[in-house]
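Please keep the sequence and the 3D view open while reading.

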Amino acid sequence: MKTSPCQVNRAGQEYCNMVAQLSQSEREAALAQLPNWDYDSKRDAISRAFQFADFTAAFAFMSRVALHAEKADHHPEWFNVYNKVDITLTTHDAGANGGLSQRDIDLATVIETFV
Ligand code: HBI
């Protein structure tokens with residue numbers, strides 16, 4: 001995982017982050033492999049809505065995601081109501097205000113295998 005050097009944001013402030021934010025071309029290439037995920041340009045994040053047979057199936061899915069996220073030390077933002085689970089992925093430690101990193105792509109790719 002390449003880490004990004006310190007950068008200067010639009011306000012001229014220098015910030016050093018631990019995780020490289022994907023460039024536009026890197027993002028487009030990665031999202032081409034994740035057709036079920038939507039890109040949120042305001043947050044530089046990706047999201048997907050899931051629907052399961054019932055709450056038990058939804059929670060089983062969330063449990064698998066949670067265990068993998070903890071192992072990967074990269075966690076989703078998510079919302080669950082009954083059989084629906086909405087997941088947003090972005091990296092808090094990327095860029096000046098967070099952004100999409102390879103960690104998000106990797107987590108989304110694993111999540112796809114749980115559906
Ligand atoms: N999860 N989505 C996301 N983004 C992060 O930057 C992040 C995380 N989980 C743990 C984590 N960072 C740790 O490295 C600490 O920065 C909290």
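## Salt bridges

A salt bridge is a side-chain nitrogen of Lys or Arg within 4 Å of a carboxyl oxygen of Asp or Glu. Side chains of opposite charge can pair when their charged atoms come close. This is a predicted model, in which local features need pLDDT of at least 70 and side-chain atom pairs count only at pLDDT 80 or more, while totals for chains, interfaces and linings use all residues. Residues are numbered from 1 along each chain as its sequence is written, and side-chain values use heavy atoms, with hydrogens and water left out.

By this rule there are two salt bridges. One joins the side chains of Glu77 and Arg43, at 2.6 Å from N to O. Glu77 lies in strand 5 (residues 77-81), and Arg43 sits in the loop between strand 3 (38-40) and strand 4 (45-51), so this pair links distant parts of the chain, 34 residues apart. Helices (H or I, at least four residues) and strands (E, at least two) are DSSP runs, numbered from the N terminus.

Burial is judged by relative accessible area: buried is under 20%, exposed is over 50%, and partly exposed is in between (1.4 Å probe, protein chains only). Glu77, at 25%, is partly exposed, and Arg43, at 38%, is partly exposed too.

The other salt bridge is between the side chains of Arg48 and Glu112, again with 2.6 Å from N to O. Arg48 is in strand 4 and Glu112 in helix 3 (residues 102-112), so the pair ties together parts 64 residues apart in sequence. Arg48 has 18% relative accessibility and counts as buried, whereas Glu112, at 23%, counts as partly exposed.

## Two sides of helix 1

Which residues of helix 1 (residues 24-32) are buried? They are Arg27, Ala30 and Leu31. Seen down the helix axis, these residues fall within an arc of 95°, so they line one face of helix 1. The arc is taken from the directions from the helix axis to the C-beta atoms.

The buried residues of helix 1 pack against strand 3, strand 4 and helix 3. Contact here means heavy atoms within 4.5 Å. On the face turned away from the buried side are the exposed residues Ser25 and Ala32.

## The nonpolar core

A nonpolar core is a set of buried Ala, Val, Leu, Ile, Met, Phe, Trp, Tyr and Cys residues joined through side-chain atoms within 4.5 Å. The largest one has 21 residues, and Trp37, Ile46, Phe61 and Ile111 have the most contacts inside it. Helix 1, strand 4, helix 2 (55-72), strand 6 (84-89) and helix 3 each give two or more residues to this core.

Leaving aside neighbours within four places in sequence, Ile111 is in contact with Trp37, Phe50, Phe61, Val65, Ile87 and Leu89.
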